[in-house]
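Subject: Structure handover

Hello,

Here is the structure for your files. My notes on it follow below.

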Amino acid sequence: NESKAPDPLNNVEKRCAATPSSAQRLVKKGATLLLEAGAGLHSGYSDKEYEEVGVTIIDDVNVALSTVDMLVAVNKPSDTQLALMKKGAIVVGHLDPFFQQPLIESIAEKGLTAISVEMIPRSSRAQKMDALSSQASLAGYVMVMQAANKLPSILPMMMTPSGTIKPAKVFIIGAGVAGLQAIATAKRLGANVLAYDTRAVVAEQVESLGGKFLNIDIGETGQTKDGYAKELTDEQKAKQQEAQRDAIADSDIVITTAQLFGRKPPVLIAKETLALMKPGSVVVDMAATSGGNVEGSVAGDTVEINGVTVIGNGYWSQYVAKAATDMYANNIYNLIDEFFDDETKTFGLNLEDDILAGCVIAHDGNITNDMLNNAYK
Ligand code: NAD
């Protein structure tokens with residue numbers, strides 16, 4: 001697995017696509033499993049644990065690649081790895097398809113089938129396979145922990161004979177999967193939490209977690225049929241930034257989690273707004289590695305801007321690699337289990353199925369997803 005950009009975790013993918021438990025369940029179904037030596041170590045799983053449930057550990061992945069029907073990765077395989085795979089084999093992973101056109105086209109040209117976990121539909125049936133959500137939930141937790149770690153104060157109120165410390169003010173912008181988990185985590189730590197999202201429907205969810213919703217009137221916003229935010233007009237973007245300014249200036253911690261599916265994330269905090277924050281306050285830009293919600297954040301790094309710590313580390317779920325692996329391995333197991341053909345002991349590629357119709361993005365020499373075909377024009 002190759003990571004995307006330089007990152008504070010030394011460019012080593014910490015997660016693994018299988019746990020001994022998920023591997024055991026796959027072996028029981030009749031699958032033959034090969035695992036790269038040491039792949040589970042960062043998640044606390046030794047090679048021995050995998051071997052005990054019937055997995056073959058291999059030192060050199062490249063040697064085995066020409067034999068496999070399916071390569072399950074966390075990220076995307078390298079060109080060298082793809083070149084070694086046999087025609088018709090399936091590649092599964094976070095393939096980042098909107099931003100990896102050459103890779104996806106080369107997968108299609110080689111006659112491989114690509115399953116992009118980002119494209120798994122947001123349906124009830126597919127929830128158990130939804131890796132974007134499982135990793136985003138962990139990201140929400142990790143971002144609060146990292147912010148708390150950098151804040152020169154504490155999150156809860158503390159009343160002692162030596163004085164009273166007021167609870168920290170935390171503002172979360174974007175209340176999707178990651179944002180809601182960040183709200184819950186900050187609340188558990190005792191902070192006062194305010195949140196905003198362009199999808200007004202989430203106000204109730206924010207409040208049910210004990211957060212306050214910042215009401216801003218920026219006109220018609222709404223969401224797509226898959227529940228993703230629609231992009232704002234320039235006028236709406238300006239209104240949002242203006243209306244958030246006081247809340248940002250007044251916060252000890254601001255966490256931005258806004259994404260637009262398949263597009264660059266929106267800029268939410270301009271340099272001038274950041275300059276209004278108190279020295280010592282902390283901003284976490286969840287989107288730093290994919291374009292940035294915060295002007296001045298640095299992808300894969302933590303920087304100080306006028307005394308404000310701006311965390312753009314990215315790779316959030318890898319900071320809790322065991323939890324991330326446990327969830328991702330379950331997502332992958334559930335995907336394979338759903339489509340496993342018990343007679344042939346192989347993955348059944350039924351492209352009529354709505355889940356596979358969404359996440360199989362290259363097959364039989366073609367890019368098979370309309371959204372991507374449009375984006376690649
Ligand atoms: P996401 O990662 O695409 O975006 C994160 C959040 O940022 C979203 O809530 C979005 O509305 C918000 N956002 C975008 N632009 C913004 C802006 N300018 N200012 C403030 N916020 C902005 O979204 P997500 O977390 O993947 O979730 C999107 C929706 O999909 C949620 O409603 C979630 O509950 C839903 N969902 C459904 C399923 C399912 O049904 N199986 C699974 C996962 C998520």
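A crossing is called left-handed if the near helix is turned anticlockwise from the far one by less than a right angle, and right-handed if clockwise. Helices (H or I, at least four residues) and strands (E, at least two) are DSSP runs, numbered from the N terminus.

Two points on the source. This is a predicted model: local features need pLDDT of at least 70, side-chain atom pairs count only at pLDDT 80 or more, and totals for chains, interfaces and linings use all residues. Residues are numbered from 1 along each chain as its sequence is written.

Helix 11 and its partners

The crossing of helix 6 and helix 11 is right-handed. Their axes come within 9 Å and cross at roughly 165°. Axes here are lines fitted to C-alpha atoms, for helices over the stretch in contact, and angles run from 0 to 180 degrees between N-to-C directions. Helix 6 and helix 11 are therefore roughly antiparallel (under 35 degrees counts as roughly parallel, over 145 as roughly antiparallel, 65 to 115 as roughly perpendicular, the rest as oblique). From helix 6, Ala131, Ser134, Gln135 and Leu138 meet Ala323, Ala324, Met327, Tyr328 and Asn331 of helix 11. Contact means C-beta atoms, placed from the backbone, within 7 Å. By class, this contact has six nonpolar, three polar and no charged residues. Ala, Val, Leu, Ile, Met, Phe, Trp, Tyr, Cys and Pro count as nonpolar, Asp, Glu, Lys and Arg as charged, and the others, Gly among them, as polar.

Helix 1 (residues 20-29) also packs with helix 11 (residues 321-339), at an angle of about 15° and with the axes 9 Å apart. The two are therefore roughly parallel. Their crossing is left-handed. Helix 1 brings Ser22, Arg25 and Leu26; helix 11 brings Ala329, Asn330, Ile332, Tyr333 and Ile336. That contact divides into five nonpolar, two polar and one charged residues.

Seven strands form an open, mixed sheet in the order 10-9-8-11-12-14-13. Strands pair if DSSP finds at least two bridges between them. Strand 10 (212-213) and strand 13 (302-305) are the edges, each pairing on one side only. Strand 8 (residues 169-173) and strand 11 (residues 253-256) run parallel, joined by four bridges. Val170 has Ile253 as its bridge partner in strand 11. Helix 6 packs on this sheet and touches strand 11, strand 12 (282-285) and strand 14 (308-311); its direction makes about 155° with that of strand 12. Helix 9 (residues 234-249) packs on the sheet as well, touching strand 8, strand 9 (192-196) and strand 11.

Strand 17 (residues 360-363) pairs with strand 18 in the antiparallel sense over two bridges. There Ala362 stands opposite Ile367. Two residues separate the strands of this hairpin, and Asp364 takes a positive phi near 55°. Strand 5 (residues 113-116) also pairs with strand 17 in the antiparallel sense over two bridges, with Val360 the bridge partner of Ile115.

Best wishes

Key
Two residues are in contact if their C-beta atoms, placed from the backbone, lie within 7 Å.
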